[in-house]
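Subject: Structure handover

Hello,

Here is the structure I promised to pass on. My notes follow below it.

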Amino acid sequence: MPKPIEYGVFLPVGSGGWIPSANAPLIDASYASNLAATKLSESLGFDFTLSQAVWRGYGGTSKHFDVNLESITTAAGLAGATDSIGVWSTVNTSLLHPAIAAKMIATADQISGGRTGLNIVAGGNRASESQMGLGLELNNIEKYRRATEWVEIVRALWTETSVDYQGEYFTLTDCQSDPKPLQGMPQMICAATSDTGLAFVAKNLDGVLFEGTSRESVIEIGQRSRRISQENGDKLKTYCVFMVIPGDTDADAQRRIDHFNAGRDVQALANMAAEWGGKPTDATSKSHDNEDWANATAISTGTVAGSVESISEQLADMIEHADLDGAVFIMPDFADDLSVLGTEILPLLAKNGFAQAAPTGASL
């Protein structure tokens with residue numbers, strides 16, 4: 001059954017945007033360019049923007065993500081420069097103490113007039129942690145235990161006068177945090193695809209963020225998320241990240257994809273593999289894993305490409321069958337492509353029964 005959908009824009013706060021390719025549009029990760037993208041998103045009626053938290057890039061010839069704006073301060077700046085769109089930021093629970101994060105988000109909520117949201121990263125970014133000397137070597141179960149404590153503390157500080165907390169990872173004694181968020185309790189989401197991760201989100205947070213590599217994977221993760229949500233009180237919202245590449249025709253969109261892939265940054269892709277579980281750190285090595293990543297394309301995850309009619313049909317199909325509550329968009333160009341998405345594709349989705357949940361851009 002069609003339902004109102006929340007639509008967001010995943011901002012290009014990292015250099016190179018979302019495409020590790022020498023042929024990708026120039027994205028400098030400046031605050032000015034992200035402010036322009038946010039104002040455009042607000043004018044087009046998007047519900048929210050979201051920025052990532054990355055502390056170390058992937059290098060290569062494209063210097064992918066080597067420049068990254070800090071997420072919370074970026075969101076606070078965007079909040080002060082906008083009127084209605086939600087401004088969401090990201091926090092690594094391993095890098096920022098919950099008492100510090102609670103006050104920062106509460107402050108940003110005051111700046112925004114109650115439009116903030118928070119995406120938490122429960123797992124650790126190994127390269128970021130090691131460069132900072134943190135040396136956190138927790139397994140996934142331990143990371144989720146730590147993140148559970150982190151969330152409990154943040155929510156307590158947002159609602160209570162004083163907090164005493166004795167946990168496995170955090171200890172607070174008469175900890176006080178004011179001001180409180182204007183909206184009372186900003187929504188929190190977390191990226192997860194494993195059953196363990198989805199159960200953590202369903203028990204502790206408001207929504208799950210994921211991306212699928214195909215129609216089948218989007219539907220499978222969306223349906224599995226819904227099942228796990230129902231097992232834990234059925235309160236979990238599901239948000240899927242889609243890379244949208246529009247063209248005048250399907251063939252024109254494929255031409256754009258081929259152009260981006262032709263300039264793929266092999267070294268940056270290899271460094272991504274090393275960070276996210278693969279072995280390669282040098283794209284010139286002869287390991288089998290490295291060969292897989294050296295042959296990887298710059299455009300892969302969650303790509304929806306084609307004419308505006310084709311993209312609208314693909315998105316409507318996945319939103320319906322995955323039973324999504326929201327879609328978060330990335331794209332090659334955050335001016336022209338974003339305009340096409342907002343003025344042509346979303347209206348077609350609305351005609352198909354998937355209208356924006358809050359066309360005025362109100363926070364989620």
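Which elements do the buried residues of helix 6 pack against? There are strands and helices on the list: strand 4 (116-121), strand 7 (188-191), strand 8 (207-211), helix 5 (140-159) and helix 7 (215-231). Please keep in mind that this is a predicted model.

Helix 6 covers residues 195-204. Of its 10 residues, 7 are buried, so the helix is largely enclosed by the rest of the structure. The buried ones are Gly197, Leu198, Ala199, Phe200, Val201, Ala202 and Asn204.

Next, the loop between strand 8 and helix 7. Ser214 lies there. Take Gly233 as a reference point: Ser214 is 19 residues from Gly233 in sequence, and their C-alpha atoms are 28 Å apart in space.

Now the aromatics. The whole structure holds 8 aromatic pairs. Phe48 and Tyr239 make one of them: the ring centres are 6.1 Å apart and the planes stand at 85°, so this pair is edge-to-face. Planes over 60 degrees apart fall in that class. The pair links distant parts of the chain. Phe48 sits in strand 2 (residues 48-50) and Tyr239 in strand 9 (residues 237-246), 191 residues apart. Both Phe48 and Tyr239 are buried.

Tyr58 and Phe65 also pair. Their ring centres are 6.1 Å apart and their planes are at 40°, so the pair is tilted. Tyr58 is buried, at 9% relative accessible area. Phe65 is buried too, at 8% relative accessibility. Tyr58 and Phe65 belong to one aromatic cluster with Phe10 and Trp18.

Asp325 is placed in the loop between helix 11 (308-322) and strand 11 (326-330). What does Asp325 contact, once neighbours within four places in sequence are left aside? Its contacts include Lys3, Pro4, Ile5 and Glu6. Arg226, Leu236, Lys237 and Thr238 are also in contact with Asp325.

Best wishes

Technical notes
Residues are numbered from 1 along each chain as its sequence is written. This is a predicted model: local features need pLDDT of at least 70, side-chain atom pairs count only at pLDDT 80 or more; totals for chains, interfaces and linings use all residues. Side-chain values use heavy atoms; hydrogens and water are left out. Helices (H or I, at least four residues) and strands (E, at least two) are DSSP runs, numbered from the N terminus. Contact means heavy atoms within 4.5 Å. Buried means under 20% relative accessible area, exposed over 50%, partly exposed in between (1.4 Å probe, protein chains only). Rings of Phe, Tyr and Trp (its six-membered ring) pair if their centres lie within 6.5 Å; planes under 30 degrees apart count as stacked, over 60 as edge-to-face and the rest as tilted.
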